[in-house]
Structure formats: C-alpha cells, structure tokens
Amino acid sequence: MGEEEFEFTVPVLVIGAGACGCMAALAAHDAGAGVLVVEQDARPMGSTGMSQGLVCAAGTRAQAARGVVDSAETFFADIMAKTHGQADPVLARAIAEESGPTLDWMAAAHDLPWELDMGFRPSFGNSTFRVHGWPGHGGQDMVHLLHARLEDAGIDVMTQARLTEVFADSSGRVLGAAIQRPGGAVEKVGCGALVLACGGFAANHALVARHMPEMAAARNNGHEGSQGTGLWVGEQLGAAFGDMGSYQGYAMLTEPQGISVPPGVPVTGGVLVNGDGERFTDETADIAGMALPVLAQPGDHVWVIYDARIEALADYIPEMQALLALNAAKQADTVEGLAAAIGVPAEALAATLAEARAAQAEGRPDALGRTWGDDVPPAAPYRALKVVGAIYHTQGGLQIDGAARVLRPDGTALPNLFAGGGAARSVSGPAHWGYLPAMGLATAVTFGRLAGIGAAAVAARPPDGAA
Ligand SMILES: Cc1cc2nc3c(=O)[nH]c(=O)nc-3n(C[C@H](O)[C@H](O)[C@H](O)COP(=O)(O)OP(=O)(O)OC[C@H]3O[C@@H](n4cnc5c(N)ncnc54)[C@H](O)[C@@H]3O)c2cc1C
C-alpha cells in the first residue's frame, strides 16, 4: 500500500487509550512528535479504568519522601526471585530501572498525584513499600487524569475507532492502519511508527483456553476490549511472543456485587474458607494464582472471612468503601452466628479459626504453611464476603526489548513497531505465580512511556534507504 492511499498520515499512531496508550502519547508528544490515539470504545477506560490504579515502582521521590529506601537493584532482585529467575531479565531490568523515573516524570511533568501507598505494605514479593497510588481513588480517576493531560497537550484521541488491519512493507515496516468507525466505514491512516497499547487477551475465551487451559472455565473480570489485538498484529508482522501462559487469576471477586476485595484483607489476617468451613490454601502464597485453588473447591464460591479490625485497615480503599456502602458483608458476633450466616458447619469453622489462631500465637506456620507473624486471624466481630475466582488480566504477549521495541524471533527489532502494558510480555514469568502486586500498571506506564519516546525518535527519521 503506497503512502498516497492513506487518507492522512501521523508521525506516531497509538492503538488503545488505557494507561499504556496515554503514557505513550504523552511521552511521544513531549519528545516533539505529532500523535494520534485511537480507541475502540466511545468512552476510554480499558482494564486501567477497572483497576485500583496502583503502580509499583522503585527509587521514586514519593518513596524518598516517606523515608523508604529502594533501588533498581532491589526491585530487579525481587522480580527475579518472585519469578524463580524466569522473567525476561532484559525487561525486568528495564522495569526496575525505569519505573521510578516514569512515576517521577508523571508527577513532575504532568502533575499526576501518585503517592506511596503506606497501607499496601511489603507483600507477595515486593520486599519494601513500593506500591504507589492516589489515596481514595482508583483506575477510573487514573484514566480521567491521563485523558485530561492529553487534552491539555492537544493530543487527539479518536474514539469509536477500531484497528482492523495493519499495512506493512516487506521489511516489516508499518506503513499505516485501517481504522473502522461505527457503521462499518474504514479510514486508512498512515504512520511513521505504531504503538500497540491495546491490552491483553483475557476477554478472548478461545485465546485463554489455548494459552492457559486451566482458566478456560473461569469468569473474566477484565475489560471486554482485551481481545488479543496485539496477537494478530504481531503474528501478521512476524513478531515473537513470550510468557503466553502468564496471568492474574485473583480469587476475591465478590458475588454478586462483582467488587474485588482489596489484597490487604488476607494480608492482614483474613482467611478463605470453603463450603465445608475449611481453609484450603495459604492466602498469602500466590495472590495471582489463588483463583486456581478457589475454582477447585466444591460448589461455586468460597468465603473470605475477616473482622472489624481488618476492615478498618482497608476502609480507605474505594473497593472496600463500595462494599461497606452496599452492606455486602455478612456480620456476626460469634463463630456459630457466622457459620449460620454463610451456611457452613459451625464446628468445622470454629476448628479452622482456632487452628489459625493457635499457629499465630505459637509463632509457627499453620497446617497450610502460612506464617502469621504479627497478623492475627479473624476474631469477633466477624465479617464474611462470598467470593469467586476470575481471570483479571494476562501477562504474556508481544516480545519487546528494554526500549519497548517489538522483536522478531531472531531477536532483531521490527523497524517501527512498539508495545507495552497488556499487549506485551511482562515480567511475571511463564505462569500465574510470578505476578508482583501492581505490576500490570507498572509495565503499562513504564513501557508506554518508553514506547512513546522510541516511536517519536523513529518517526522523526526517514526510513532506511530514503533520501
Ligand atoms: C479489576 C482489575 C484491577 C486491577 N488492578 C490493578 C492495579 O491496581 N494495579 C496494577 O498494576 N494492575 C491492575 N490491574 C491490571 C491493569 O489494569 C492492566 O495491567 C493495565 O490496565 C493494562 O493497561 P493497558 O493500557 O495495557 O490496557 P487497557 O487499560 O486495557 O487499555 C487497552 C485499550 O485498548 C483498546 N483496544 C483494544 N483493541 C483495540 C483495537 N483493535 N482498536 C482500538 N482500540 C483497542 C481497549 O478498548 C482498551 O481501552 C487490574 C486489572 C483489573 C481487571
């Protein structure tokens, strides 16, 4: 397809208007490039909008302001330890080194108010306070803020515009894309560089069944737009892929409200029990894979049991506030009352809680291997929420390098294709057990920024061989 056949041409074309796309657009714009963002939805949200808006990053000014000492070396070591050495070390190094400067840049250049979340204490592999957020706010606010900054910068976002085709020359250089509008009209847009910020594939049941069959029957609690756009584009252009079986399978989606119980609830003492009133997993062992033991329990749900103390620790979080506003939790002053409220055998539930308390008091791991430390298992007055396991987002995708350039299987970079966030390989290793909390957005914002910088540089250069 020749350049003259495009209706118009932009230097940098970004597909997807979640965190990754917004960051790519802002970074490319700051680097001096003209940018167009296209988004299939009428109102951009993506999985970013459904998220808690928490981002992990090391060596930030926000950490320093709280006296927290962290570094790229420590973060890198945490990622490699969590993934048993199976994360792509190049990508792990890039996240470890660039996440901090990215968050500092978001704050300094674009006035984005992320602070260190001191309520999200070191857990699930983060060895220090590293999770950043905006107290009392979540993903929707993050999307609104990012789009406000795009508007301030004069960056165009074309909504109700779906990428349906990519045009490339024989070297793999992307020339442009077909964008379908409502009613079926198609616009052909030329570009100097293409950024795939189109999320993962958790909403595509066929792809989930192919790459993570153990989650084939699980409900999707991510954005419907995560259909694997990056996969078909990458396959067409001869890209490599990595960690395709990696995902976040969170186990604490409340039924029927569909609200995620904050991870701090199990971390600070909450437990999961099944319909027999028994615990079945160390709730702190594998937060991203907890959906699996939950799905393996008899019946179609389990219960997360906590207490008023644990609730108070989490009540600054929007999800907990929503659960409180809905009066979603069953409440009881005795174990017998709790057992009756949730329909499990009272004797078994009492024994379950007693064993956890004894393990905590004796300072030994309990029968499931959970080490309690100072965290106290639930005590009266009790709370219980009915929860199910679900797939939230995928962590595998297009193989990129540390500058967010999409690679071929031989390790060479495609000439002008970049990716980040859900569309790209992350740093979670090959399965569910390598996910560090708040890594989904860390890769979205960090590789989004790097993709924008790289795309602006490539778009400014004439193609090889051109005058
Ligand atoms: C409930 C929930 C809670 C989460 N909480 C956290 C958290 O607190 N911290 C964290 O780090 N991670 C969290 N995650 C994961 C995190 O939300 C994602 O990893 C992250 O949002 C990915 O960002 P993204 O920009 O790559 O994708 P998205 O935000 O999903 O954006 C991709 C966009 O691309 C659009 N798109 C797709 N295909 C096309 C196409 N063909 N044409 C045009 N547009 C297209 C989509 O409509 C979408 O708007 C959570 C996920 C869920 C579901």
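Predicted model: local features only at pLDDT ≥ 70, side-chain atom pairs only at ≥ 80, totals over all residues.
W114 has 10% relative accessibility, so W114 counts as buried.

**Aromatic pairs**

- Three aromatic pairs turn up when the whole structure is searched.
- In the pair of W114 and W134, the ring centres are 6.2 Å apart and the planes meet at 35°, so this pair is tilted.
- W114 sits in the loop between α5 (89-110) and β4 (115-116), while W134 sits in the loop between β5 (131-133) and α6 (139-153), so their pairing ties together parts 20 residues apart in sequence.
- Another pair is made by Y250 and Y392, and this one is edge-to-face, with 5.4 Å from centre to centre and 75° between the planes.
- Y250 belongs to the loop between β12 (247-248) and β13 (253-254), and Y392 to the loop between β18 (390-391) and β19 (393-394); the pair thus links distant parts of the chain, 142 residues apart.
- Both Y250 and Y392 are buried.

**Charges over rings**

- Over the face of W372 you will find R370, at 3.8 Å from the ring centre.
- W105 has R449 over its face, at 5.9 Å from the ring centre.

**Around the ligand**

- The ligand is surrounded by 38 residues, and the closest are E39, S47, T48, L54 and L441.
- Sorted by class, this shell holds 16 nonpolar, 19 polar and three charged residues.
- At least two residues of the shell come from each of these elements: α1 (19-30), α2 (46-50), β7 (162-168) and α15 (439-460).

**Contacts with ligand oxygen atoms**

- S47, one of the closest residues, has a polar backbone atom 2.8 Å from an oxygen atom of the ligand.
- Q40 brings an N or O atom of its side chain to 3.1 Å from a ligand oxygen atom.
- A19 takes part through its backbone, where an N or O atom lies 3.3 Å from an oxygen atom of the ligand.
- On its own, the ligand has 1000 Å² of accessible area, and the protein covers 96% of that.

Note on methods:
Residues numbered from 1 in each chain as written. Heavy atoms only, no water. Phe/Tyr/Trp six-rings, centres within 6.5 Å; stacked < 30°, edge-to-face > 60°. Helix = DSSP H or I, 4+ residues; strand = E, 2+ residues; numbered from the N terminus. Buried < 20%, exposed > 50% of the residue type's maximum accessible area, 1.4 Å probe, protein only. Lys NZ or Arg CZ within 6 Å of the ring centre and 35° of its normal. Near = heavy atom within 4 Å. Polar contact = N/O pair within 3.5 Å; in protein donor to acceptor, adjacent residues only side chain to side chain. Areas by Shrake-Rupley, 256 points an atom, 1.4 Å probe, with all protein chains shown as cover. Nonpolar A, V, L, I, M, F, W, Y, C, P; charged D, E, K, R; others polar.
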